[in-house]
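Reader: I've got a structure on my screen and I'd like to talk it through. Could you walk me around it?

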Amino acid sequence: MSRYITDEFVCLSAVCVELFFMFTSNQPECHFSLVLISLLSCTTNQARLTVSPSYSQFFKDQSVYLSCEEDDSSAGWTLRRNTSKQQRTQCGDGWGTSAAPTCNIAVLPLDSGVYWCESREGPISNMVNLTVTGGSVILQSPVLPVMEGDDVTLLCKTKTTPSNLPAAFYKDGSLIRKQPTGHMTIQHVSRSDEGLYKCDISGHGESPSSWITVTGEDTTTPPPTSTSPPVLSVLSCVRLVCVVVLLVLLVLLVRRYVHKKPEGEISGF
């Protein structure tokens, strides 16, 4: 079971506990407000990490901007990374300049690693792998997964000379082709095009390798699994039941206080 689903169950369990106290308490209106707040907080927000420029390789000292794009800014997303020297450190903690929701990095080779956005509520975004080189050649390839059927252009680039030099392109260590202008287009990519790519420019050197991921046509709907859809359906049903119960209890509370006589009036008899 995924982490965010576990968090949903914990949150909804807290709602149930508050409902119990609401039924048994002498001051149900206090617990009613807690139930409402708890239920409204039981949402799973999703962020998307974007990189600008949108490549996976960079030269030393390039400026790179990473942003946590989200629907709900209250989720409190934090950009984190794993590198060869540091684990789960956040932007501004010894690296990068944070200006939420964006982090600016003048990258160095030590900044190579895996980056992601993480919420204080638990869920995380997509992960991206960035490579920074002190060499003279990089392969500009998409940092995010590419859609199956799309065309993808790879550019073999040098740091100081024109970027239209002849280049050789490799996939999984094997030569694909040599291009006279330094760029190669893969038309109508498929899953078979997924792999580790690099390039080489004679007299200048070889780029690092980067993995290119190819996704299916529908990236918004995850593939069905044997556990996820039933669990999500249960969560939706529980939320619906909680909302209905809250509405009924609200009506009952209003009726109770409308028909309840003040204590002073009762003592007068």
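Predicted model: local features only at pLDDT ≥ 70, side-chain atom pairs only at ≥ 80, totals over all residues.

Reader: Let's begin with the cysteines. How many disulfides does the structure hold?

Author: A disulfide is a covalent bond between the sulfur atoms of two cysteines. One of them joins Cys68 to Cys117, another ties Cys91 to Cys103, and Cys156 is bonded to Cys199. The total for the structure is three.

Reader: Take Cys68 and Cys117. Is their disulfide left-handed or right-handed?

Author: The two sulfur atoms sit 2.1 Å apart. The torsion about the S-S bond of Cys68 and Cys117 comes out at about -95°.

Reader: On to Cys91 and Cys103. Which strand holds Cys103?

Author: These two have their sulfur atoms 2.0 Å apart, and with 85° about the S-S bond the link is right-handed. Cys91 lies in the loop between S5 and S6, twelve residues from Cys103. Cys91 is buried, as is Cys103. The strand that holds Cys103 is S7 (residues 102–106).

Reader: And Cys156 with Cys199: what is the handedness of that disulfide?

Author: The S to S distance here is 2.1 Å, and the torsion about the bond is about 85°, so we can read off the hand. This pair also links distant parts of the chain, 43 residues apart, from strand S12 (residues 152–158) to strand S16 (residues 195–201). Cys156 and Cys199 are both buried. The disulfide of Cys156 and Cys199 is right-handed.

Reader: Now the rings. How is the pair of Trp95 and Tyr115 arranged, stacked or edge-to-face?

Author: The structure holds one aromatic pair. The ring centres of Trp95 and Tyr115 are 5.8 Å apart, and the planes meet at 80°. Planes over 60 degrees apart get the name we're after, so Trp95 and Tyr115 are edge-to-face.

Reader: Where does Tyr115 of that pair sit?

Author: The pair of Trp95 and Tyr115 links distant parts of the chain, 20 residues apart. Trp95 is in the loop between strand S5 (87–90) and strand S6 (97–99). Trp95 is buried, and Tyr115 is too. The place of Tyr115 is strand S8 (residues 113–119).

Reader: What about Thr83: how far is its C-alpha atom from that of Tyr115?

Author: Thr83 is found in strand S4 (residues 77–83). With a relative accessible area of 8%, Thr83 is buried. Along the chain, Thr83 and Tyr115 are 32 residues apart, but their C-alpha atoms are separated by 8.8 Å.

Reader: Which residue has its charged end over the ring of Tyr170?

Author: We need a charged end that sits over the ring of Tyr170, and there is one 5.7 Å from the ring centre. The residue is Lys198.

Reader: Last stop, the surface. Is Leu252 buried or partly exposed?

Author: Leu252 lies in helix H3 (residues 228–259). Together with Val244 and Val248, Leu252 forms a nonpolar patch on the surface, with about 250 Å² of accessible area between the three. Buried would need under 20% relative accessible area, and Leu252 has 48%, so Leu252 counts as partly exposed.

Note on methods
Residues numbered from 1 in each chain as written. Heavy atoms only, no water. Patch = residues over 30% accessible without salt bridge, like charges linked within 9 Å, V, L, I, M, F, W, Y side chains within 5 Å. Areas by Shrake-Rupley, 256 points an atom, 1.4 Å probe, with all protein chains shown as cover. Salt bridge = Lys/Arg side-chain N within 4 Å of Asp/Glu carboxyl O. Helix = DSSP H or I, 4+ residues; strand = E, 2+ residues; numbered from the N terminus. Buried < 20%, exposed > 50% of the residue type's maximum accessible area, 1.4 Å probe, protein only. Phe/Tyr/Trp six-rings, centres within 6.5 Å; stacked < 30°, edge-to-face > 60°. Lys NZ or Arg CZ within 6 Å of the ring centre and 35° of its normal. Disulfide = S-S within 2.5 Å.
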